[in-house]
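Reader: I have just opened this structure and would like to learn how to read it. Could we go through some features one by one?

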Amino acid sequence: MLLEVSDLRVSYPGRPVPVLRGVSFSIAPGEVVGLLGESGCGKSTIALAILAALPAGSAVSGSIRFHGRARSIVFQEPRLALHPTIRAGDQIAEVLRAHKNYRNRKSKTLELMNRAGLDESLYNSYPHQMSGGELQRVCIAQALACEPSLIVADEPTASLDTITQAEILRLFAGLKTESQAGMLFISHHPAILRGLADRILVMYAGEIVEEGGVEQVLSKPLHPYTEALLKAVPPAPGAATKRLSAIPGDPPRFANLPAGCAFAPRCASARTGCRENPLRDSMPFPSRRVKCVLYEHRAPVDVAHALVRAAPALLPTLGVRRGE
Ligand SMILES: Nc1ncnc2c1ncn2[C@@H]1O[C@H](COP(=O)(O)OP(=O)(O)OP(=O)(O)O)[C@@H](O)[C@H]1O
Ligand SMILES: [Mg+2]
């Protein structure tokens, strides 16, 4: 594994209530994992923890094991991530200087600009002369400069218009095949993750509530929260449809969560005991994980799969002899 996060718990300084409440997941080399969840659920906190960039004084427990070369991050707001009075090319070259002593930093910078889809003529431009999409490409070139084996992309298209969003997503999809870097791609919009992510983690109130292959999760969600989230958002980012349904009830408040399932107060499938009883992860199907009482009593493996494997042993008891 490239990254292994286990039972991660984080509280910010001066805020005793944890905002990550036992997060576990892993990323294999070259794999793109999507992290999906509403505003405030803790997505950026996971990103900062992985990059060891949480504010000083944060309380962190659990473990983060990273087995790669370097990690880099691309943020939601490129304009805030760049220095306003330094030329774009120099900002990329500066990252090269910090990480490696290249003999020809200028030509390496131009190569990175090229990989990020930036015209060489933009080398001498200042951030205020560039569009949002171009600035995000500068940030991507910076992220690639340290030849990372893990890229954390924290909603990198959130501040862009729809067309630019699609272009930047295409760039990330290209990086996936070309750079072999593993990626944690954060988004609050499921459609963005389709076609990009291999796997999806769904987050609610500081916990991973569901995990599975991207198509499985998006077309057959298991957790009632994932189901509600998929119904609540328009089919494509920026699509001119009205909101189909908002998730009923109030967003969770970390200081006031139930002892059991945090989503129970808003859940249409909640039963007696959901709010009170502690939850554990279930794996009702191979490669799928869900934290919901509805799945706790299901068989842990696919029954048909188990029967096929047991078939040779069962044949004599069924009165069938081999070769018949
Ligand atoms: N520096 C901080 N100090 C104190 N609390 C913080 C800090 N940063 C974030 N929080 C709180 O931690 C919780 C999780 O925040 P986080 O930024 O990780 O959520 P998010 O899922 O990335 O949200 P968004 O989609 O809006 O970016 C929120 O309740 C937020 O208010
Ligand atoms: Mg965030």
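This is a predicted model: local features need pLDDT of at least 70, side-chain atom pairs count only at pLDDT 80 or more; totals for chains, interfaces and linings use all residues.

Author: Gladly, and let us start with a single residue. Ala-52 is exposed, since 10 other C-beta atoms lie within 10 Å. Residues are numbered from 1 along each chain as its sequence is written, and chains are lettered from A and ligands numbered from 1 in the order in which they are written.

Reader: Where is the place of Ala-52?

Author: Ala-52 sits in the loop between H1 and strand S4 (59-66). Helices (H or I, at least four residues) and strands (E, at least two) are DSSP runs, numbered from the N terminus. The phi of Ala-52 is near 55 degrees, a positive value in a residue other than glycine.

Reader: Which other residue has a positive phi although it is not a glycine?

Author: Ser-287 does, with a phi of about 60 degrees. Ser-287 lies in the loop between H9 and strand S10 (289-290), and with 10 other C-beta atoms within 10 Å it is exposed.

Reader: Is helix H1 largely enclosed or open?

Author: Helix H1 (residues 43-50) is largely enclosed by the rest of the structure, because 6 of its 8 residues are buried. Those buried in H1 are Lys-43, Thr-45, Ile-46, Ala-47, Ala-49 and Ile-50. For the protein as a whole, 35% of the 324 residues count as buried.

Reader: Which residues come nearest to ligand 1?

Author: Tyr-12, Ser-39, Lys-43, Ser-44 and Thr-45 come nearest, out of 14 residues around ligand 1. A residue is near a molecule or strand if its C-beta atom, placed from the backbone, lies within 6 Å of it. The shell around ligand 1 has 5 nonpolar, 7 polar and 2 charged residues. Here Ala, Val, Leu, Ile, Met, Phe, Trp, Tyr, Cys and Pro count as nonpolar, Asp, Glu, Lys and Arg as charged, and the others, Gly among them, as polar.

Reader: How many helices and strands does the protein have?

Author: The secondary structure comes to 10 helices and 10 strands.

Reader: How should I read two helices that pack together?

Author: Two packed helices are described by the angle between their axes and the distance between the axes. Axes are lines fitted to C-alpha atoms, for helices over the stretch in contact, and angles run from 0 to 180 degrees between N-to-C directions. Take helix H5 (residues 132-145) and helix H6 (residues 162-179): their axes are 10 Å apart, at an angle of about 20 degrees. H5 is therefore roughly parallel to H6. Angles under 35 degrees count as roughly parallel, over 145 as roughly antiparallel, 65 to 115 as roughly perpendicular and the rest as oblique.

Reader: Which residues make the contact of H5 and H6?

Author: From H5 come Gly-132, Gly-133, Gln-136, Ile-140 and Leu-144, and from H6 Thr-164, Glu-167, Ile-168, Leu-171 and Ser-179. Two residues are in contact if their C-beta atoms, placed from the backbone, lie within 7 Å. By class, the residues of this contact divide into 4 nonpolar, 5 polar and 1 charged.

Reader: At what angle do the axes of H3 and H4 cross?

Author: Helix H3 (residues 88-99) and helix H4 (residues 105-115) cross at roughly 115 degrees, and their axes come within 9 Å. H3 is thus roughly perpendicular to H4. In H3 the contact includes Ile-92 and Leu-96, and in H4 it includes Leu-112 and Met-113. The contact of H3 with H4 has 5 nonpolar, 2 polar and 4 charged residues.

Reader: And what about H4 and H5?

Author: The axes of H4 and H5 come within 9 Å and cross at roughly 120 degrees, which makes H4 oblique to H5. Leu-112, Met-113 and Arg-115 of H4 meet Ala-141, Leu-144 and Ala-145 of H5. This contact of H4 with H5 has 5 nonpolar, no polar and 1 charged residues.

Note on methods:
A residue is buried if 20 or more other C-beta atoms lie within 10 Å of its own, exposed if 12 or fewer, and partly exposed in between; C-beta atoms are placed from the backbone.
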